[in-house]
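Biologist: I'd like to go through this model with you and ask where the labels come from. Could you put it up on the screen?

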Amino acid sequence: MVIKTKLRIGIAFLFLTAFLSAGLADYYLNRLSTDSKVILKDNYRSLIYTKNIGQLLDGASENLSSPSTQQAIQDNIDKEKHNITETGEEQLADSLQIVFESLKQNVNNPAASALLKSKMKNNLYGIIQLNMNAIERKNAIAIHTADRSIIIVSLAGTLCFLIAFSFAVNFPSYIANPIKKDITQLKKISEDKTTFIATVSHELKTPISAIKMSLKLLRDDRVGTMNTEQQQLIDDIDYETQRLLQITGELLHSAQAEAGNIQLNFGSAHPQNIVDYAVRAVKSLADQKEVSIAITCPETLPNVIADLDKTTWVLINLLSNAIKYSPQKSAIDLTVTKRINMLEFSVKDNGQGIDVQYLSRIFERYFKVPGADAEQTGTGLGLAIAKDFIEAQGGIIGVESTVGNGSRFYFSLSTNNIPHTLKRAL
């Protein structure tokens with residue numbers, strides 16, 4: 001089989017995958033548009049709780065001193081306090097609790113009881129109004145978003161078709177031509193490769209994300225119940241889709257780094273914020289292996305000056321790797337410490353460790369430690385991207401490891417201000 005034929009088959013497969021993804025996304029987003037019209041569950045629960053309290057107040061003129069009536073009202077107030085969804089709802093729920101406590105103390109005072117009941121009903125009305133407005137607002141936003149997403153996904157599918165058709169016709173001939181040793185041409189080919197990776201990665205993220213949204217919808221009991229086999233299939237699809245999304249994200253980040261196009265948005269935040277977000281992001285992965293994460297991040301630490309999104313991405317990557325290489329039911333240490341005018345984030349696992357001969361290459365693109373399985377090593381881009389992100393901020397990243405004693409990955413960022421070497425670039 002000649003090279004042109006192989007390339008056409010490969011590109012046709014890529015086109016078919018993109019086309020099917022766009023079609024599935026369009027189908028499920030139509031489902032989403034329909035289901036989004038259903039009243040939001042949490043807001044509806046608040047309406048039920050307030051309705052129950054109102055009925056108990058209206059029907060308890062003679063029996064408000066009854067412990068069972070008081071307990072029923074208190075149960076509904078507690079449920080409402082644990083179902084806060086809207087701005088201002090917590091204050092109304094707290095006020096409702098305070099007034100109810102006063103009502104219980106004045107149950108034998110008709111005048112005071114009537115006034116306190118009126119105050120409770122005002123609070124109930126406020127909660128009802130907040131949730132009714134939220135239901136209307138969120139439902140309208142969801143419908144608008146779903147409708148717009150359908151258009152976007154359809155356009156993305158059309159664009160994928162045009163790109164694939166163009167490549168199927170022109171790209172094979174271009175690749176098959178003899179390669180000249182002209183440096184300018186080689187540089188252009190490298191730039192085209194980077195652009196191609198970035199474009200394909202970006203275009204694939206939209207339909208993949210849409211599929212994940214559809215899977216989330218399928219798990220909703222309002223759509224219908226599934227048997228064990230169907231649930232396992234949904235879980236498998238979700239896992240593989242997450243892997244695809246991670247791979248396309250890493251390819252996109254890698255393309256940006258190779259092109260020298262890393263955009264930095266510096267901000268100031270306490271390291272606990274970065275740590276909390278990263279730990280939440282890997283919680284599901286850690287729970288699957290029953291791996292615990294011990295966090296040491298004192299409140300007395302100063303803020304870190306960094307691109308918070310990219311720094312959080314790096315920490316998530318280090319934690320994910322630590323979990324993958326950790327034994328079942330083991331522990332990972334996540335530590336943040338002050339180092340002169342820098343903060344060091346450290347992730348220590350208790351896995352098998354890395355042989356010293358591989359440590360110098362661990363941050364190279366596409367490098368994978370020999371002997372590790374495919375699920376552990378991934379694409380071989382994560383640590384290289386992490387190095388690019390940290391060093392672009394003027395930070396330091398490194399690793400310490402001993403075979404049989406686990407590995408410690410760490411990076412340090414400034415606590416004072418944007419590194420001087422970066423100010424001119426910004």
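Modeller: Let's start with how helix packing is described: axes are lines fitted to C-alpha atoms, for helices over the stretch in contact, and angles run from 0 to 180 degrees between N-to-C directions. Helices (H or I, at least four residues) and strands (E, at least two) are DSSP runs, numbered from the N terminus. This is a predicted model, where local features need pLDDT of at least 70 and side-chain atom pairs count only at pLDDT 80 or more, while totals for chains, interfaces and linings use all residues. Residues are numbered from 1 along each chain as its sequence is written, and side-chain values use heavy atoms, with hydrogens and water left out.

Biologist: Fine. How many helices and strands does the protein have?

Modeller: There are 13 helices and seven strands.

Biologist: Then take α9 and α12. What makes α9 roughly antiparallel to α12?

Modeller: Their axes come within 10 Å and cross at roughly 150°. Angles under 35 degrees count as roughly parallel, over 145 as roughly antiparallel, 65 to 115 as roughly perpendicular and the rest as oblique. The crossing angle is over 145, so α9 counts as roughly antiparallel to α12.

Biologist: Which residues make that contact?

Modeller: Contact means heavy atoms within 4.5 Å. On the α9 side you'll find K310, W313, V314, N317, L318 and N321, and these meet G382, L383, I385, A386, F389 and I390 of α12.

Biologist: And α8 with α9: why are those called roughly parallel?

Modeller: The two pack at an angle of about 25°, with axes 9 Å apart. That angle is under 35 degrees, so α8 and α9 are roughly parallel to each other. Among the residues making this contact are I274, A278 and L285 of α8, along with T311, L315 and L319 of α9.

Biologist: Is the crossing of α8 and α9 left-handed or right-handed?

Modeller: α8 passes α9 in a right-handed crossing, while α9 passes α12 in a left-handed one. A crossing is left-handed if the near helix is turned anticlockwise from the far one by less than a right angle, and right-handed if clockwise.

Biologist: Now T311 of helix α9. Why is T311 called buried?

Modeller: Buried means under 20% relative accessible area, exposed over 50%, partly exposed in between (1.4 Å probe, protein chains only). T311 comes out at 0%, so it counts as buried. Leaving out residues up to four places away in sequence, T311 touches I274, A306, Q393, F411 and L413.

Biologist: Why is E290 called partly exposed, and why is I340 called exposed?

Modeller: E290 has a relative accessible area of 46%, which lies between 20% and 50%, so it is partly exposed. I340 has 75%, which is over 50%, so I340 is exposed.

Biologist: What makes something a nonpolar core?

Modeller: It's a set of buried Ala, Val, Leu, Ile, Met, Phe, Trp, Tyr and Cys residues joined through side-chain atoms within 4.5 Å. The largest one here has 40 residues, and L315, L319, I362 and F411 have the most contacts inside it. Elements that each supply at least two residues of this core include α8, α9, α12 and β7. A second, separate core of 13 residues includes I53, L57, L96 and V99.

Biologist: What does I362 touch?

Modeller: Setting aside neighbours within four places in sequence, I362 is in contact with I354, F367, V369, L383, V399 and F409.

Biologist: And how much of the whole protein counts as buried?

Modeller: Of its 426 residues, 37% do.
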